[in-house]
Amino acid sequence: MSAEMVKQETRQRMAQTDTTKPLVEIKNLKKYFPVTEGIVIQKKVADVKAIDDISFKILKGETLGLVGESGCGKTTTGRCILQLERPTSGQIIYDGTDMDTVDRRELNKLRQRIQVIFQDPYSSLNPRMKIGQIISEPMRVHGIEPDPATRNKRVNELLSVCGLSPKMADRYPHEMSGGQRQRIGIARALSLNPEFIVCDEAVSALDVSIQAQVINLLEDLRDEFDLTYLFIAHDLSVVRHLCHRVAVMYLGKLVELAECDELFDNPLNPYTQALLGSVPIPDPEIERQREHRVIQGEVPSPMNPPSGCVFHPRCPKAVDNCKEEIPGLREIKPGHWVACTEV
Amino acid sequence: MDAVSQTIPGKEIEEPAASKPWLVSLFDLIRQQPLGAAGAFIVIIMVFLAVFANLVAPFDPIVNDYGSMHIPPDGTHWLGTDQFGRDVLSRLIYGARTALVVGFVSAFIGATAGLVLGVSSAYFGGLFDLIFQRVMDVFMAFPLIILALAVVSIFGTGVENLIIAITIPFIPRCARVVRSSALSIREIPYVDAARALGFNHRRIILRHMVPNVMAPYLIMITAFVGQAILLEASLTFLGLGVQEPTPAWGLMLQGGAEEYAESAPWMAIFPGLAISLAVFGFNLFGDALRDVLDPKLRSQ
């Protein structure tokens, strides 16, 4: 490798670590799941609008929280970024490359840089493979560490980085606890030296004490390996602890996006306010005196979302205009985006 | 790295208790599955006889001996002799060889092809799955024996062609069962994880999905061996399978049943019994295997 190439590579790496440059940019992403009728001749009768026109950026090195109720499209967003689902329309631009336009070989290269940690640690590991195989397989397939001896060394390293004993490489997933398995899921994700990890409800299935350990691990890894996270969750206290910025989704749409503290201290969208209001305060005195505002009604069907602002049937502050006008994201304060016409 | 090498309570798991001696677990298994054990016993005896046929059989199964035709069962010829003076017991023992070779080879090839096709069909889904399943439906619409007859009439007779004829109807049957298991596996996150890790389709199908549908596959194989033995005997009986002078149960039944049913009944009775016993043994074994492997039917 010539000196010029080394210099160029260093420059590239410098450009990548620039914190103001978005690593992932999502533009007008839509994912509709068609609902069909008929067995032989399939007729489309409706669309489930899992994601309906969302746009956001994830900056290099930051952790973006994505929160919302069940079924609001947050997991589908993660799956689209991972290319596990094909978006109906819109662009996902990863480090300047539109992921829809690249060919398979390039997509495979991109996939090495994007990894995922799943919600359920029990079903995200192949039960027929030993832990060592699970962690080393990605390296073998992608030709990282082709030598078996160094690969085993790296497996042991990854295990100890994730707080596990290297002895566990010879065990099967069913011999381990949920927390240990989630650490293995993390070790597997790290095996390809990714720069971006989608944490899809990564701690929701664990009990609280294990959750804290895994969150600390995720934080430590972020600092050590300079990782960027998309942290999908419904537990707001976890999100507040871990994230730099938070995006709130409701029925396939982005309703608010702000710096973490700003969002929690000063929520502007009525949905975000209601969502934050539903978090219990761990002090019985305050909790008893607090006024509880529960969101009325059920989440409408994403097959037939309400007109105008999708939240208007349940919104305490709705006015007539909300039924007609679809609110776009507006920057109310620097870095604080809200989709509500009444703010 | 020091920052993350925190100690986790309960990190060390104790080694699992040493497993029971194999003889004890064997007795446990026999007590739990007495019928399965009986089936396994029949299968083992049959395999033993087939493998050591040349040592066990008292006479040559092929050479004619016109001095001793139609001898009823006695001290020398335990099960009597046939119209060419050949020892029925020896021909039964060598016939087990033919039956097992045809049975195992066609069951293995048929079930394995069905396994890979079924898992692929479930994995790719969509239009591929739809078309593939309709093709399988066409094959399923034919009764086993009719489809095998059609294949024999295309390829001709002989052991190799018989194996092909028996294999083909097995493929859709196994593919159908395996596909339904694979459909549920496809939705499990470790398959998504494999895709996110950038593994190719072949690796995901063969390394991540196939090992997890082994239970239905093994059950299908044992069921198929019994069916294949029956099918082999039937086709041979109809004159479409194994040809003389190769010892085969279907052939012995055919030779004995037509002309000598009354004058020399031992010629047809014993091969008939052998076929029944073999199919019975494999079916019992297969049922027991299903009970042990399928957690939904397991009674603990």
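This is a predicted model: local features need pLDDT of at least 70, side-chain atom pairs count only at pLDDT 80 or more; totals for chains, interfaces and linings use all residues.
Select the 8 strands in the order E6-E7-E8-E3-E9-E10-E12-E11 (chain A): they form an open sheet with mixed pairing. E6 and strand E11 (330-333) of chain A lie at the edges; each has a single partner strand, so one side of each is left without a neighbour in the sheet. On average, neighbouring strands of this sheet are turned by 20° against each other, direction ignored.

Next, select strand E3 (residues 63-67) and strand E9 (residues 245-250) of chain A. The two pair in the parallel sense, over 4 bridges.

Helix H2 (residues 74-81) of chain A lies across E3, E6, strand E7 (196-200), strand E8 (228-233) and E9 of chain A. The direction of H2(A) is at about 150° to E8(A). Helix H6 (residues 178-190) of chain A lies across E6 and E7 of chain A, and runs at about 175° to E6(A).

Move to the open sheet of 4 strands with the order E2-E1-E4-E5 (chain A), where the pairing is antiparallel. Its edge strands are strand E2 (43-59) and strand E5 (97-98) of chain A, each of which pairs on one side only.

Step through the pairs in turn. Strand E1 (residues 22-37) of chain A is joined to E2(A) by 13 bridges in the antiparallel sense; here, select Glu37(A), whose bridge partner in E2(A) is Lys43(A). Between E1(A) and E4(A) there are 5 bridges, and the two strands run antiparallel. Glu25(A) stands opposite Ile93(A) in E4(A). Strand E4 (residues 89-94) of chain A is in turn joined to E5(A) by 2 bridges, again antiparallel.

**The contact between the chains**

Now display both chains. Chain A contributes 28 residues to the contact and chain B contributes 23 residues. On the side of chain A that touches chain B, the elements giving two or more residues are helix H3 (104-113), strand E6 (114-117), helix H4 (131-141), helix H5 (148-161) and helix H7 (208-225) of chain A. Of these, H7(A) gives the most, with 5 residues. Coloured by class, this side of chain A shows 11 nonpolar, 11 polar and 6 charged residues.

**Helix packing in chain B**

Show Met46(B), Val47(B), Leu49(B) and Ala50(B) in H2(B); they meet Ile93(B), Ala96(B), Arg97(B) and Leu100(B) in H4(B). By class, this contact has 7 nonpolar, no polar and 1 charged residues.

Follow H4(B) to its contact with H5(B). The axes of H4(B) and H5(B) come within 7 Å and cross at roughly 140°, which makes H4(B) oblique to H5(B). Ser121(B), Ala122(B) and Phe124(B) in H4(B) meet Gly126(B), Phe128(B), Asp129(B), Phe132(B) and Gln133(B) in H5(B). This contact has 4 nonpolar, 3 polar and 1 charged residues.

Finish on helix H5 (residues 126-141) of chain B itself. At 1.5 Å a residue, its 16 residues should span 22 Å, and the end C-alpha atoms are 23 Å apart, which agrees. H5(B) is hardly covered: among its 16 residues, the count of buried residues is 1.

Technical notes:
Residues are numbered from 1 along each chain as its sequence is written. Chains are lettered from A and ligands numbered from 1 in the order in which they are written. The expected span of a helix is 1.5 Å times one less than its number of residues. A residue is buried if 20 or more other C-beta atoms lie within 10 Å of its own, exposed if 12 or fewer, and partly exposed in between; C-beta atoms are placed from the backbone. Two strands pair if DSSP finds at least two bridges between them. Two residues are in contact if their C-beta atoms, placed from the backbone, lie within 7 Å. Ala, Val, Leu, Ile, Met, Phe, Trp, Tyr, Cys and Pro count as nonpolar, Asp, Glu, Lys and Arg as charged, and the others, Gly among them, as polar. Axes are lines fitted to C-alpha atoms, for helices over the stretch in contact, and angles run from 0 to 180 degrees between N-to-C directions. Angles under 35 degrees count as roughly parallel, over 145 as roughly antiparallel, 65 to 115 as roughly perpendicular and the rest as oblique.
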